[in-house]
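This briefing is meant for a reader who is meeting the structure for the first time. It begins with the overall build and then turns to particular residues.

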Amino acid sequence: MSIATEISKIELSRNTIRAKLVELGMANSTDKLEVLAEAIENLINRGAISATVKEGETYTIPAGYHNGSGTVSGVSGGGSYNLQSKTATPTKKQQSITPDGGYYGLSDVTVNAIPDAYQDVSGVTAAAGDVLTGKIIVLSNGAMTAGTMPNHGTISRTIDGLNSTSASIPAGYTAGGTVTLTNDIEDALAAI
């Protein structure tokens with residue numbers, strides 16, 4: 001093997017070691033091989049560390065290599081708790097109720113009544129066709145929708161009793177109106 005090939009292998013190995021040490025926060029991306037070797041030499045093998053803590057206490061995990069078989073266990077009792085009480089008001093979006101910084105947990109959460117703006121609409125039976133065009137309703141699933149029923153205002157029709165014996169009224173809303181019988185039928189009967 002040539003010297004250039006051996007140097008290339010050493011550089012490749014250095015780069016692999018450097019990348020792992022950078023990932024672990026133990027080296028910089030420009031460190032030379034001797035700095036990387038020193039970082040590895042200073043790595044402490046902690047093996048399997050086990051610890052127990054009381055509620056409310058913390059345990060600082062020491063720097064170094066851990067083989068993954070250690071445990072940290074909680075022991076009940078003896079804790080000094082700083083709990084927080086919170087209040088929440090329902091909204092249309094999901095909320096996470098968590099303690100503020102400095103609190104161990106929540107002692108209680110009070111949920112206020114549903115605001116008037118969010119009343120139960122599950123019993124709504126109106127559909128878009130039951131509501132005038134341009135008006136907005138809330139459906140039973142909580143979705144808002146626009147009405148589709150046309151507004152025809154006041155409708156007036158005439159029939160003569162001879163050629164026209166009925167008047168068509170379009171579907172939709174009307175403000176009322178009249179259907180009037182003309183004098184044509186009276187005039188026709190008088191002429192007989």
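The model is a predicted one, and the protein in it contains three helices and 10 strands. When the sequence is read along its length, these elements follow the pattern α-α-β-β-β-β-β-β-β-β-β-β-α. The radius of gyration of the protein is 42 Å, whereas a compact globule of 192 residues would have a value near 16 Å.

**Overall dimensions and surface**

- Along the principal axes of the protein, the C-alpha trace spans about 130 × 65 × 25 Å.
- Of the 192 residues that make up the protein, 10% count as buried.
- The accessible surface of the protein amounts to about 14,300 Å², and 53% of this surface belongs to carbon and sulfur atoms.

**Salt bridges**

- Side chains of opposite charge can pair when their charged atoms come close.
- Counting a side-chain nitrogen of Lys or Arg within 4 Å of a carboxyl oxygen of Asp or Glu as a salt bridge, the total for this model comes to three salt bridges.
- Lys 9 forms a salt bridge with Glu 6, and the closest N and O atoms of this pair are 3.9 Å apart.
- Both Lys 9 and Glu 6 lie in helix 1, which covers residues 3-23, and they are three residues apart there, or about one turn of the helix.
- Lys 9 counts as partly exposed because its relative accessibility is 41%, and Glu 6, at 35% relative accessibility, also counts as partly exposed.
- Lys 20 forms a salt bridge with Glu 23, with the closest N and O atoms 3.4 Å apart.
- Because Lys 20 and Glu 23 are three residues apart in helix 1, about one helical turn separates them.
- Lys 20 counts as partly exposed at 43% relative accessibility, while Glu 23 is exposed, with a relative accessible area of 58%.
- Asp 100 and Lys 86 meet through their side chains in a salt bridge, at 3.1 Å from N to O.
- Asp 100 lies in the loop between strand 5 (83-88) and strand 6 (105-111) and Lys 86 lies in strand 5, so this pair ties together parts that are 14 residues apart in sequence.
- With a relative accessibility of 40%, Asp 100 counts as partly exposed.

- Leu 21 has its place in helix 1, and with a relative accessible area of 5% Leu 21 is buried.
- If residues up to four places away in sequence are not counted, Leu 21 touches Met 26, Ala 27, Leu 36, Ala 39 and Ile 40.
- Between Leu 21 and Glu 55, which are 34 residues apart in sequence, the distance in space from C-alpha to C-alpha is 35 Å.

- Tyr 59 counts as partly exposed because its relative accessibility is 32%.

Methods: Residues are numbered from 1 along each chain as its sequence is written. This is a predicted model: local features need pLDDT of at least 70, side-chain atom pairs count only at pLDDT 80 or more; totals for chains, interfaces and linings use all residues. Side-chain values use heavy atoms; hydrogens and water are left out. Helices (H or I, at least four residues) and strands (E, at least two) are DSSP runs, numbered from the N terminus. Buried means under 20% relative accessible area, exposed over 50%, partly exposed in between (1.4 Å probe, protein chains only). Contact means heavy atoms within 4.5 Å. The radius of gyration is taken over C-alpha atoms; the globule rule is 2.2 Å times the number of residues to the power 0.38. Accessible areas come from the Shrake-Rupley method with a 1.4 Å probe; for residues, only the protein chains shown count as cover.
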